[in-house]
Amino acid sequence: MSQGLVLVVEDEPAIAELQRRYLAQAGYGVHVEDRGRAGLDAVRRLRPVLVVLDVGLPDLDGVELCRRLREAGDWTPVLFVTARDDEVDRIIGLEIGGDDYLTKPFSPREMVARVKAVLRRAQDAARSDVLVSGSVRLDARARSVTVGGDPVALTLTEFNLLAALMRTRGRVLGRTELLAQAWGQADYGASRTVDVHVAQLRAKLGDACPIETVRGVGYRVPS
């Protein structure tokens, strides 16, 4: 039985075929597109459980594709794939709503492991209880956040980060621990990744944001 449809958007045929084969062996249905605009249309039409998205695509690059999805309120998990190994590229991808990042050349087994990890984090979040801090209410089963009853759109990573802090109210979580909890691993090598997402959460939640900075240590939601 298929574990869900994964959309691969990749313009290099050999890489796309490798991704398709390994994902299929792992039990996923796979649909492949080789252009950005066709990939965007496929996300909207096929509703995949996850998108493996190349950054350097013809006609519409992967970052812009993801940006358009998020602006339209589509939070389908996205695993970025790129030939560039640059922290700025990595941060930009995560800032606009990517859930993980893989640099070419990569092991297809690692790609499958990353796909499973992103989906597992989404499923784990959905099994958690409702969390409340002040006027902020996080419903992990529905994967929704409201402030004073008004919905706030968060990416999966922002959602996981907020949930990790709200579940451990009163305890300070360091950046490495937050990377592990929100991304499933701590190999990005830059604390700025966490800081950027905390800043985005504060911007989206406004004055109601319960996250406090503990200088030199990390972040917490007060008990």
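Predicted model: local features only at pLDDT ≥ 70, side-chain atom pairs only at ≥ 80, totals over all residues.
Colleague: Let us start with the inside. Which residues touch the most other members in the largest nonpolar core?

Modeller: Leu-138, Val-145, Leu-162, Leu-178 and Ile-211 do, in a core of 27 residues.

Colleague: Take Leu-162. What does Leu-162 touch, not counting residues up to four places away in sequence?

Modeller: Leu-162 touches Val-136, Leu-138, Val-145 and Leu-154, and also Leu-201, Leu-205, Pro-210 and Ile-211. Two of those partners, Leu-138 and Val-145, are also listed among the residues that touch the most other core members.

Colleague: What about the second core; how many residues does it have?

Modeller: The second core is separate and has 19 residues, including Leu-23, Leu-50, Met-111 and Val-115.

Colleague: I was looking at Leu-119. Where does Leu-119 lie, and is it buried or exposed?

Modeller: Leu-119 lies in helix 5. Its relative accessible area is 11%, so it counts as buried.

Colleague: Which residues is Leu-119 in contact with, leaving aside neighbours within four places in sequence?

Modeller: Leu-119 is in contact with Tyr-28, Val-49 and Leu-50. Leu-50 is also a member of the second core. As for Val-49, its C-alpha atom is separated from that of Leu-119 by 7.9 Å, although the two residues are 70 apart along the chain.

Colleague: Changing topic: how many salt bridges are there in the whole structure?

Modeller: The search finds 16. One of them joins the side chains of Glu-10 and Lys-104, at 3.2 Å from N to O.

Colleague: Why does that pair tie together parts that are apart in sequence?

Modeller: Glu-10 lies in the loop between strand 1 (5-9) and helix 1 (13-25), while Lys-104 lies in the loop between strand 5 (100-103) and helix 5 (108-126), so the bridge connects parts that are 94 residues apart in sequence.

Colleague: Are these two buried or exposed?

Modeller: Glu-10 is buried, with a relative accessible area of 2%. Lys-104 also counts as buried, at 14% relative accessibility.

Colleague: What else forms a salt bridge with Lys-104?

Modeller: Glu-12 does, with the closest N and O atoms 3.2 Å apart. Glu-12 is partly exposed, at 36% relative accessible area.

Colleague: Which residues make up the network around Lys-104?

Modeller: Glu-10, Glu-12, Asp-54 and Lys-104 are linked in a network of salt bridges.

Colleague: And within helix 3, how far apart are Arg-68 and Glu-64?

Modeller: Arg-68 and Glu-64 are four residues apart in helix 3 (residues 62-71), about one turn of the helix. Their side chains meet in a salt bridge of 3.1 Å, N to O. Arg-68 is partly exposed, with a relative accessible area of 30%, and Glu-64 is partly exposed at 25%.

Colleague: Last topic: how many disulfides are there?

Modeller: The count comes to zero disulfides.

Colleague: Are Cys-66 and Cys-209 buried or exposed?

Modeller: Cys-66 is buried, with a relative accessible area of 0%, and Cys-209 counts as buried at 14%.

Definitions and conventions
Residues numbered from 1 in each chain as written. Heavy atoms only, no water. Core = buried A, V, L, I, M, F, W, Y, C linked by side-chain atoms within 4.5 Å. Buried < 20%, exposed > 50% of the residue type's maximum accessible area, 1.4 Å probe, protein only. Contact = heavy atoms within 4.5 Å. Disulfide = S-S within 2.5 Å. Salt bridge = Lys/Arg side-chain N within 4 Å of Asp/Glu carboxyl O. Helix = DSSP H or I, 4+ residues; strand = E, 2+ residues; numbered from the N terminus.
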